[in-house]
Each structure stands twice: as structure tokens, then as C-alpha cells.
Amino acid sequence: MPPSQNSTSKVGASSAKFNWAASKAAKAAGPRAPGSKTVPEPKSPDCLLGLSFVFTGELSSFSRDEAIDLAKRYGGRVTLQPSSKTSYVVLGDNAGPSKLTAIQKHNIKTLSEDAFLALIGTRAGPGGPGGAQLDEKTRKRMEKEKEAIRDAALALERREMGQGGKEGKEGRGKGKGKDTVGSGSGGVAAKPDLGSQLWTTRYAPQTLKEICGNKGQVEKLQLWLHDWSSSLKLGFKKPGKNGMNIFRAVLISGPPGIGKTTSAHLCAKLEGFTPIELNASDARSKKLVESGMNINNSSLDGWMAGKDATNALGVTITDKTCLIMDEVDGMSAGDRGGVGALNALIKKTKIPIICIANDAGAQKLKPIKGNAFNLPFRRPDAAAIRSRILSIIFKEKMKIPANVVDQLIAGSQSDIRQVLNMLSTWRLSSDTMTFDEGKGLAKMNEKNTILTPFDVTNKMLGPYMFSHTARETLGDKMELYFHDHSFVPLFIQENYLKTEPAKTRDLGGPPKTLKHLQLMDKAASSISDADLVDALIHGPEQHWTLMPLHAVCSTVRPASFLYGGGMGYGGANQMTFPQWLGQNSKQGKLQRQLGEVQIHMRLKVSGDKTEIRQSYLPALFPCIVKPLVDEGSSAVANIIERMDEYYLSREDWDTIVELGLDQNKDELVLKKISASTKTSFTKKYNASEHPIPFYKAMDLGKVPKKLAGGPTPDLEEAFDVDDEIPEASDDENKKGEEADMNITGDKLISTSKPKAKKATKNATTTTMMGQSSKQPRGKVRPKR
């Protein structure tokens with residue numbers, strides 16, 4: 001083993017003021033010479049077993065992730081902060097000042113990059129002949145971990161044997177020594193063999209001690225259930241120790257596979273509750289929630305009267321019942337109204353309700369979050385899961401080292417169920433697993449997380465994706481494009497010139513500038529080709545099979561030329577949102593406004609929108625805009641008169657100003673016009689009358705009349721070709737012509753009505769003597 005390096009010069013440099021900006025820029029730029037140093041052949045596969053490492057600073061040949069991967073590959077432990085238990089600290093450039101201080105405090109040995117590689121090639125692991133001897137503390141710690149793993153595996157085995165013996169006794173007692181499978185109605189059906197069960201069911205936690213991680217949250221949940229009866233009697237008015245006793249429900253949120261549902265079931269059973277679970281496989285609409293859970297608590301009155309009541313699910317409801325609503329954020333269209341009904345149930349429930357969700361920030365959970373205590377669960381770290389997984393591996397007689405288990409845990413994002421599923425599948429073909437096999441298995445079963453366009457751009461244009469030590473294939477790089485194929489090309493086009501290319505790092509002066517320009521030219525040409533491909537994809541023919549080609553031309557190829565450091569959230573050239581989106585929206589708005597100007601001016605000029613924009617508007621600008629800058633309010637009357645000649649409105653004037661360029665740009669022009677001049681112009685324009693270029697007659701405010709009749713008949717049904725249509729006679733034709741000439745029925749033609757002649761004063765009515773007054777009156781005729 002090479003002598004350790006104390007690196008007193010680097011450690012002593014911590015007294016000077018640390019340059020955080022330079023450190024961040026160096027970290028973003030990556031190693032100076034990636035791939036320049038090779039990894040030596042290890043003396044044994046576990047050459048770093050028993051050693052603990054901390055990496056700080058930037059190495060010259062390996063990135064931080066690659067160096068950590070090397071240490072874990074050969075059995076070493078990697079921690080984030082140095083302590084008295086740390087074996088070595090690998091120092092690079094721009095090491096952190098806090099870590100340098102800890103090195104001096106604990107007198108920790110330090111290694112350079114070359115010394116770290118030499119340690120891999122010269123040290124023999126403690127497992128082989130002539131291997132390195134471990135110190136007393138490390139040896140005792142490792143023995144203690146192995147003993148704990150063996151004890152946990154034996155406990156699992158005893159539990160399975162106890163369950164099998166109990167089931168065997170019950171089967172023999174009820175079946176009277178006969179084979180219960182196929183023994184008639186009196187037999188008891190044999191339960192499936194434990195070896196045929198899924199590992200997620202077989203090794204599910206049976207006690208709170210077996211739950212990995214989130215111990216504090218589990219204890220809070222158990223305490224809330226323990227105090228439920230007293231909280232119910234007090235009307236949920238006292239918050240209690242954790243402030244949870246004023247809530248009738250708890251909302252557990254967190255990523256899948258970390259033990260949320262298992263913790264809820266175990267806590268309920270330990271506190272004497274009977275759990276009732278409803279998950280995404282059950283219908284949970286408003287009607288079913290109200291009937292099954294009884295939103296009015298009418299079925300819960302049974303236990304108050306001393307009677308057993310059951311809900312729609314057939315489960316006996318008692319005072320020790322706990323409702324577990326799993327995956328409440330998965331209530332979709334099939335569960336319409338279920339969230340609202342559940343929220344109403346929470347407000348008046350007399351039994352504890354535990355809601356479980358993956359995404360606590362979902363909009364549909366907003367009503368529930370106001371009436372339930374939020375209890376977030378986090379992903380447990382690898383150390384919290386490792387011992388449990390290793391005990392299961394030991395019981396299954398598999399030989400998998402701890403560093404491989406860490407790779408599986410990291411690849412599954414601490415999803416315990418997925419790790420068990422991967423191991424159970426691997427057990428069918430092999431009982432051993434190397435580091436590379438574990439990494440490949442984790443990569444194969446990696447969860448497809450959706451990256452944002454910012455993350456994809458930072459990855460593509462970063463220093464590692466196209467470096468010499470990169471392991472991503474062309475398919476992996478194209479997969480990043482498909483995370484958001486509409487936004488990622490726009491982000492690349494907006495930010496590809498903001499990097500410091502890694503290909504120009506070793507150059508300087510004019511050659512560096514020339515190389516940079518050449519790379520920019522190649523990237524821009526590739527983006528231009530991508531635009532041509534995009535026109536074929538979104539054109540009338542829609543060649544969607546060209547999407548992989550568009551991914552290469554728009555994203556992968558430009559990034560392969562200009563990848564490097566200097567671009568990021570805190571770099572010299574920060575990543576920005578694509579400005580093309582805003583400019584494209586502005587272009588569409590100006591196109592519509594220019595079309596309105598062209599329609600208004602068409603009675604006075606002849607030209608399409610292009611000619612109006614290029615020829616007429618620059619000529620109109622000095623006549624209707626410039627006078628307001630030079631003369632002020634005195635030019636308002638002449639400007640309005642000139643606008644009326646071309647049928648331009650006040651909105652058209654704003655459009656002409658917005659379309660100005662160079663010295664006539666709207667920002668510069670509007671600053672030169674005073675506020676009083678703008679106010680005077682607006683008031684005088686609104687107070688005067690203006691010509692209208694066209695008028696469309698229409699009845700405003702009236703509902704259009706509906707046409708009578710049903711659907712239009714088919715032509716073949718309306719007229720039969722074989723039917724003879726009789727010809728109209730001369731009398732009918734004459735009547736039709738007279739009806740056409742009659743204008744009295746036309747509502748658009750008004751005729752003057754003839755005035756009635758006034759009756760003379762001498763007009764009298766004669767009545768016959770002796771006639772009854774009830775005789776009907778005759779017509780009164782005026783005298784002539």
C-alpha cells in the first residue's frame with residue numbers, strides 16, 4: 001500500500017477566503033482531462049473492503065460520480081462528510097473549506113487522485129490470502145452487522161415455520177388426518193406454499209421494527225390512533241403532543257414502495273383497530289362512498305346501541321374500526337365526486353380515517369388537506385434498507401455483496417418492493433450477482449421519471465453526456481428528447497451558444513476562437529436541418545416516422561458539438577426560457593392587427609398586407625405619429641383628419657406605432673410623447689365622429705329565429721325519378737304572376753294608407769217610430 005499523503009499545503013490553504021464561484025464553475029466544467037488516466041487492475045475484487053472514503057474537490061481525470069462508483073465497486077464505503085471513522089479523504093482542486101477543517105481536526109489521511117488509483121492496484125482485500133488486516137473497530141463493526149443479518153434471517157425462517165406448523169395442525173384437526181385437497185365439503189382448502197408466494201407478500205413487515213425508515217412518522221401515526229378514543233370524547237379540541245388530536249383523519253403522502261400502506265395497517269392492528277382498506281381497484285364514487293362508508297354515520301349507531309352493524313362491504317363496523325383510503329390521488333373520472341364525499345365524511349366521522357397518496361400536491365386533494373393532518377413519508381436511505389435486504393438474501397442462500405445491494409437500492413430510488421421483485425426474478429436463474437450485473441439489472445428496471453426541459457437541457461449541454469468516459473448510448477440521448485419533444489428543441493436552440501465548449505478547452509487565442517466558430521456553424525446547420533424535418537412531420541403529409549431523425553438533428557447533434565461547462569442555473573450564462581414562444585405569439589397578434597389596418601385602408605389604397613407594411617405605414621408614420629412628438633397637442637386635429645382620410649381608428653394608430661423599427665420603435669416613440677398629449681389625442685378622437693369604411697347590417701341583441709321543419713330529406717326521397725310532375729295550367733301561372741306583382745305583403749316596402757273622409761255635420765240617423773231599442777243598428781251613411 002502506498003504511503004498516505006497528508007497534503008498539508010492543500011489543507012493549510014483553507015485559511016484563505018474560499019472562492020465559491022470558482023469552485024462551482026470548476027464543478028460544472030467537469031474534469032480537465034477526462035479519460036486520461038486508466039484504472040489499474042485490482043489485486044482482489046474486494047480490495048477496498050473495510051475502508052471509508054470522502055471525496056472533495058474536482059479530480060483531473062474522473063468526475064465525482066465516477067470516482068464514487070470506483071470506490072463502491074471494490075467494496076469501499078463512501079460518506080459525504082469526514083469524521084473520525086473516515087479512512088481516507090481523496091482531495092481534488094478547489095476542495096471545500098469545511099472538509100479541510102474536519103481533516104485537520106480529526107487528523108485524517110488524505111490521498112490524491114493518483115494515490116487513490118494506486119491503492120486500488122496494490123491493496124489486497126481482507127477476504128483473500130495475504131489480505132490487509134482490518135483494525136479492531138472495523139472488524140467488530142463488520143462482525144456485528146453480519147450477526148444482525150443472521151439473526152434477522154433466522155427470525156424470518158422461524159416465523160415461516162411457525163405459520164406452517166400452525167396451519168398444518170389446523171388442517172389435521174379439521175380434516176381428521178385426511179388429505180384436505182379434494183376431500184369434499186368437510187375438508188379445509190390447503191393454503192398455498194410459502195415458496196410460491198411473491199417476496200413482497202412473503203417478507204412483508206409484521207412488526208414496526210421491520211419497517212425501513214420514517215420511524216418518527218410511524219410513531220406519530222401510532223400515537224394518534226392510541227389517543228383516538230379520548231380525542232373523540234373531547235370533541236377534537238385538544239391538539240395533544242404532536243398537534244394531531246384535533247384532526248379526524250391523517251393524510252400520508254410519499255413516493256411508492258416506501259411502506260406507507262404497511263405502516264398504516266400495522267399501526268391500526270397494534271392499537272386494536274380493524275382496518276378496512278379501499279384502494280384504486282375499488283369503485284370510490286360519491287354514491288358508493290356515501291353508502292359504503294355511510295357519510296351520515298347512520299350505520300355506526302349500531303355499535304352505540306350494542307348491536308353489530310355492517311357496511312355495504314360486509315365488514316363489521318365497531319368502535320375499533322379504522323378506514324384506510326389508499327391512493328386517494330388516483331380518484332379519476334370513474335370515481336366522480338368521491339373526493340368531495342370523502343371530505344364530507346372526514347368532517348363528521350366517528351372512526352379514524354387514514355388517507356394515503358403519492359402526490360400530496362395534487363389539486364384534487366386540496367379539500368382533504370384542510371381537514372386532515374399531513375404526514376409526509378420520505379425515501380429511506382440505502383443504509384436503512386440494506387440490512388433488511390441482506391437478511392432476506394441470506395435466508396434465500398444468495399451471495400450478493402452489500403455494494404451490489406446499494407446499486408439496486410439506488411437504481412430503484414429506495415423502492416423496497418421493486419428491489420424484492422428484482423431479486424426474486426434473479427433468483428430463478430442465479431444465486432450470485434456481481435457489481436456490473438447489479439448495475440445492469442438496476443438500469444434495466446430503472447423507473448422512467450419525467451424530466452423537465454430544463455433538466456434535459458442541462459444534461460445534454462453539460463460536460464458529461466458526450467465526454468470520453470460517458471456510458472450513454474445514442475438511444476439514451478435520443479430518449480431525453482422524447483421527454484418533451486416539443487419543448488426540448490426550443491430549449492437547445494435558445495441555450496446552445498451559452499456553453500464553454502469542452503472541445504476548445506486545450507486551445508487559446510485565435511485558434512480557440514476559430515474552433516468555437518466552427519462548432520457553432522455545425523450546430524446551427526444541424527438545427528436548420530431539424531427545421532426542415534419538422535416541416536415534414538407537422539406538414540400536410542405528417543411523416544411521424546421522422547421523429548428519431550428530428551431528435552438527432554435538433555437535440556443530440558448540436559449538443560455533441562458545444563457541450564461543456566459555464567451554462568446552468570448559477571453559471572456565467574444562465575439557462576433561459578425559449579424566447580421564440582413569446583415572439584411567435586407577438587407575431588401572430590401583429591399579423592391580425594395589420595390585417596385590420598389593411599381592411600380599413602383598402603377603400604383608399606390598393607395593396608396587400610405586405611405592401612401596407614413595407615410601403616404605406618413608413619410613409620404614414622411622419623404624418624400621424626411624428627407630429628405628436630414635434631408639435632404636441634396642437635397637431636392632434638390634423639392627425640385625426642389624416643386618419644379619417646384613410647379610415648384608420650385609434651387602435652390602428654397603436655398598431656402603426658407598435659410596428660415601428662429602429663428610431664421609430666414603439667418604446668422610443670412613446671417615451672417622447674408626453675402624457676398630456678396622449679390624453680388630448682384620445683379625448684378629441686373619442687369626442688368627434690369618424691367615417692366608417694364599411695357597414696354590416698345586423699339586428700343587434702336579437703336571438704336568431706329557428707327554421708321550422710325537421711332534418712333535410714334526402715333528394716331521392718323527395719323526388720322520385722319515375723314520377724311525372726304535372727305542368728301548371730295557364731290560370732295557375734296567371735295567379736302566380738299576380739302574386740309576384742303584389743307588393744302589399746312585402747315588409748320592406750311601405751305604402752301610404754288612404755285617409756278616411758270626414759262626415760258632415762248634417763249627417764243624421766233616421767230611426768223609425770215604434771221600433772224597439774234592441775233592434776240592430778244599421779250603417780250610418782253621410783249626406784252628400
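These are my notebook entries on what I looked up in this predicted model.

**Ground rules**

I number residues from 1 along each chain as its sequence is written, and my side-chain values use heavy atoms, with hydrogens and water left out. Because the model is predicted, local features need pLDDT of at least 70 and side-chain atom pairs count only at pLDDT 80 or more, while totals for chains, interfaces and linings use all residues.

**Entry 1: salt bridges**

I began with charged pairs. Side chains of opposite charge can pair when their charged atoms come close. My rule for a salt bridge is a side-chain nitrogen of Lys or Arg within 4 Å of a carboxyl oxygen of Asp or Glu. How many salt bridges does the whole structure hold? The search finds 13.

I looked up arginine 159 next. Its side chain meets that of glutamate 210 in a salt bridge, 2.2 Å from N to O. Arginine 159 lies in helix H6 (residues 136–175), and glutamate 210 lies in the loop between helix H7 (199–202) and helix H8 (215–226), so the pair ties together parts that are 51 residues apart in sequence. Helices here are DSSP runs of H or I with at least four residues, strands are runs of E with at least two, and both are numbered from the N terminus.

Is glutamate 210 buried or exposed? Glutamate 210 is buried, with a relative accessible area of 16%. Arginine 159 is partly exposed, at 23% relative accessibility. I use buried for under 20% relative accessible area, exposed for over 50% and partly exposed for in between, with a 1.4 Å probe and protein chains only.

Glutamate 210 has another partner to note. Its side chain also meets that of arginine 388 in a salt bridge, 3.7 Å from N to O. Arginine 388 is in helix H15 (residues 382–395) and glutamate 210 is in the loop between H7 and H8, so this pair ties together parts that are 178 residues apart in sequence. Both glutamate 210 and arginine 388 are buried.

Then I checked a pair within one helix. Arginine 650 and aspartate 654 form a salt bridge, 2.6 Å from N to O. They are four residues apart in helix H28 (residues 650–658), so about one helical turn separates them. Arginine 650 is buried at 15% relative accessible area, whereas aspartate 654 is partly exposed at 35%. I also noted a network: salt bridges that share partners join Asp69, Arg73, Asp436 and Lys439.

Where does strand E5 sit? All five of its five residues (249–253) are buried, so E5 is largely enclosed by the rest of the structure. Both faces are covered. Ala249, Leu251 and Ser253 are on one side, with Val250 and Ile252 on the other.

I count two strands as paired if DSSP finds at least two bridges between them. E5 runs parallel to strand E10 (residues 353–357), with five bridges joining them. Isoleucine 252 stands opposite isoleucine 356 in E10. E5 also runs parallel to strand E11 (residues 373–376), through four bridges. Valine 250 has phenylalanine 373 in E11 as its bridge partner.

**Entry 2: a four-stranded sheet**

I found an open sheet of four strands in the order E2-E1-E3-E4, with parallel pairing. Which strands are at the edges? They are E2 (77–78) and E4 (109–111), and each pairs on one side only. Three bridges join strand E3 (residues 88–91) to E4. Tyrosine 88 stands opposite lysine 109 in E4.

**Entry 3: aromatic rings**

Tyrosine 88 came up again here. Ring pairs link Phe53, Phe55, Tyr88 and Phe116 into a cluster. The structure holds 15 aromatic pairs. Rings of Phe, Tyr and Trp (its six-membered ring) pair if their centres lie within 6.5 Å; planes under 30 degrees apart count as stacked, over 60 as edge-to-face and the rest as tilted.
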